[in-house]
Amino acid sequence: MYDKLTVSHFRAFERLEVAPLHRVNLIAGGNNVGKTSVLEAVWLALQDNPFFVAQDNPIRLSAPSLFRRSATDNSDLAKTTQDDVDNFWKWLFYQKDISHPFSVRLESSSFPLSSQQWTFSFKDGLLGAKDSNDDVHCTLGQASSFSMTLPPPRPECTVLPACLASPVVDAERVNNVSVLNREPELAEYLRMIDPRITNLKYLKLSGHKHPYVYVDVGFGKGKELIPATQLGQGTARMLGLFASLMTEGTQILLIDEFENGLQHDALVPIWSALGKFAREHDVQIFATTHSYECIAAAHEAFSENAEDFAVIKLRPDPACGIAAFVLDHAHVDVALKTELEIR
Amino acid sequence: MNKLVSIEKSVLLIGESRDEELFFSALVRHLGLSDLIQVAQYGGTPKLAAFLADLQTQTTFPIIRVIGITRDADVKYDAALTSVNAVIQQANFPNTVQVVPFVLPKENSSGALEALVLDAVSSAPAWPCVERFMECVASNDTTPLSLTETDKRHIHAWLSTLPDPELRLGEAAQKKYVPFDRPAFQPLTNFVKSLVSATEDGIPHV
């Protein structure tokens, strides 16, 4: 796990330190205080090349499209446009002052993770980034260059999209889980969210154009499998998420606006399932929320593993611009019991 | 879900419980200071440290200039004052915020908020009945009650004589059954007023 995040001259933060980080970090704070920017900082710090765009993987997003609307045309992913430079990359610099570099750094004392840092700056009109050892240099729109020693790859970082993925994409993910013979494990996590689920299958029915995921929820006399698309939105969203977590070797999971599209009563079981997965597979989670119910649900879900969870509260501060406070289980407990505005 | 507590005023007065929050908000309203003082509760003495830390994470925390904290002396006034001062020290507030404790019922006295109220209502018409009840039930106690427990029993007996006999102390204060003008409340009243004066010249005048 990473223990500390430091950003300097990045977006709204002249300097921000967040420590100690926990297994699950739920970022709260008022509008436009920088919650999503914290996710972006984590993502940038963990990239082998923060400018890299996967031409062969349309699911893998580039930095401008991670959590914000981007003008980038999905059919031409490899091409960096001036639109993105002007509308995204320049805005990563504090107060849009591109004469001053910005940096993002994650520190870890847990082997085999090592500290990760990128420092970004404009030079001769080109945006570049270098790692903390000055071993790797990347330039927007160009290939990376390395020193003699190639650094080890950085941990796999997955972003949960704000909207539901295509059911065909989810079906392929579940198929990949089947190849690994881990369907029962996937069903076990989903059962924590919807106890009716006993089994799931990747099937292409005759006459259908695509294969889909079908789920056994004990429906009807014949226990007919139902399409996963007909499950509740929360369960459907988690199906795709758990399947990708299980097949992509994710070590860091980023979720913007966790509660989006989820019923309040689904929040506790979803947090419980995610927390179990994170503990069992050594995944660290960073999520943002606007929702009091989401914080209360996470607090409840982690009541037996209190050391795994913290709220990171951001607020404006006259002295340092934006300040970050890490609220552990005891502090969240008091805030909830005294009905303090913790969002 | 109730409306969440967010900081809206530069002076914050916090009591131990929801009932004290109601009591103090009635007192603040009686003093005509509702526009200047916000009242909240910190959930009991063991939670004060966490509450003060949580307070500093509030989006509007920078507007706070003065925080008044009340707690009960219970058995020992000095020990309670030392304890609350230690928690305030540990909270490490910025120097723009003054934090002022008030140990109830009053300086150098054991007991709790109830002691003040009992002092103030002892001339109520039903008071002789309350005293007779106290004498009667005391003979049934298998173990003697502490001073604070005795005061609480006394308060409940008095509350039961009110036209709304189901009320708790804070609710009774909200319904104006507590005579805040009595001399017994003077030290507490002075403390509450001093919180406002502290925002004017930076010095609480108790």
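Does A:Arg11 count as buried or exposed? A:Arg11 counts as buried, because it has 20 C-beta neighbours inside 10 Å. By the rule applied here, a residue is buried if 20 or more other C-beta atoms lie within 10 Å of its own, exposed if 12 or fewer, and partly exposed in between, with C-beta atoms placed from the backbone.

**The model and its numbering**

This is a predicted model, in which local features need pLDDT of at least 70 and side-chain atom pairs count only at pLDDT 80 or more, while totals for chains, interfaces and linings use all residues. Residues are numbered from 1 along each chain as its sequence is written, and chains are lettered from A and ligands numbered from 1 in the order in which they are written. The scores of the model are ipTM 0.87 and pTM 0.90. For chain B the mean pLDDT is 94, and 97% of its residues reach 70 or more; pLDDT is the predictor's confidence in each residue, from 0 to 100.

**Backbone features in the loops**

Helices (H or I, at least four residues) and strands (E, at least two) are DSSP runs, numbered from the N terminus. A:Arg11 is found in the loop between β1 (4-10) and β2 of chain A. Its phi is positive, about 50 degrees, although A:Arg11 is not a glycine. B:Asn92 is also a residue other than glycine with a positive phi, near 55 degrees, and its place is in the loop between α3 (77-91) and β4 of chain B. B:Asn92 counts as exposed, because it has 9 C-beta neighbours inside 10 Å.

| Cis peptide bond | Omega |
|---|---|
| A:Ala19 to A:Pro20 | near -5 degrees |
| B:Leu104 to B:Pro105 | near 10 degrees |

A:Pro20 is placed in the loop between β2 (13-18) and β3 of chain A. B:Pro105 lies in the loop between β4 (98-104) and α4 (113-121) of chain B.

**The open sheet of chain A**

Strands of a sheet pair through backbone hydrogen bonds, either parallel or antiparallel. In this report, two strands pair if DSSP finds at least two bridges between them. In chain A, six strands form an open sheet with mixed pairing, in the order β9-β13-β14-β3-β15-β16. β9 and β16 (321-327) of chain A stand at the edges, each with a single partner strand, so one side of each is left without a neighbour in the sheet. Neighbouring strands of this sheet are turned by 20 degrees against each other on average, direction ignored. Axes are lines fitted to C-alpha atoms, for helices over the stretch in contact, and angles run from 0 to 180 degrees between N-to-C directions.

Within this sheet, β3 (residues 24-29) and β15 (residues 309-317) of chain A run parallel and are joined by six bridges. A:Gly29 has A:Leu314 in β15(A) as its bridge partner. Helix α1 (residues 35-45) of chain A lies across β3, β9, β13, β14 (284-288) and β15 of chain A, and runs at about 150 degrees to β14(A).

**Two hairpins of chain A**

β5 (residues 116-123) and β6 (residues 126-131) of chain A run antiparallel and are joined by six bridges. The bridge partner of A:Phe120 in β6(A) is A:Ala129. This hairpin has two residues between the strands, and A:Asp124 there takes a positive phi near 55 degrees. Three bridges join β6(A) to β7 (residues 136-139) of chain A, again antiparallel, with A:Gly128 opposite A:Thr139 in β7(A). The hairpin of β6(A) and β7(A) has four residues between the strands, and in it A:Asp134 takes a positive phi near 65 degrees.

**Helix α5 of chain A**

Helix α5 (residues 233-248) of chain A has 16 residues and reaches 22 Å from its first C-alpha to its last, close to the expected 22 Å; the expected span is 1.5 Å times one less than the number of residues. The helix α5(A) is mostly covered, with twelve of its 16 residues buried, among them A:Met238, A:Leu241 and A:Phe242. The cover of these buried residues includes β9 (157-160), α3 (167-179) and α6 (264-281) of chain A. Just after α5(A), A:Gly249 takes a positive phi of about 65 degrees.

**The contact between the chains**

Two residues are in contact if their C-beta atoms, placed from the backbone, lie within 7 Å. The contact takes 19 residues from chain A and 18 residues from chain B. On the side of chain B that touches chain A, the largest share, four residues, comes from helix α2 (residues 48-55) of chain B. By class, this side of chain B has eight nonpolar, eight polar and two charged residues. Here Ala, Val, Leu, Ile, Met, Phe, Trp, Tyr, Cys and Pro count as nonpolar, Asp, Glu, Lys and Arg as charged, and the others, Gly among them, as polar.
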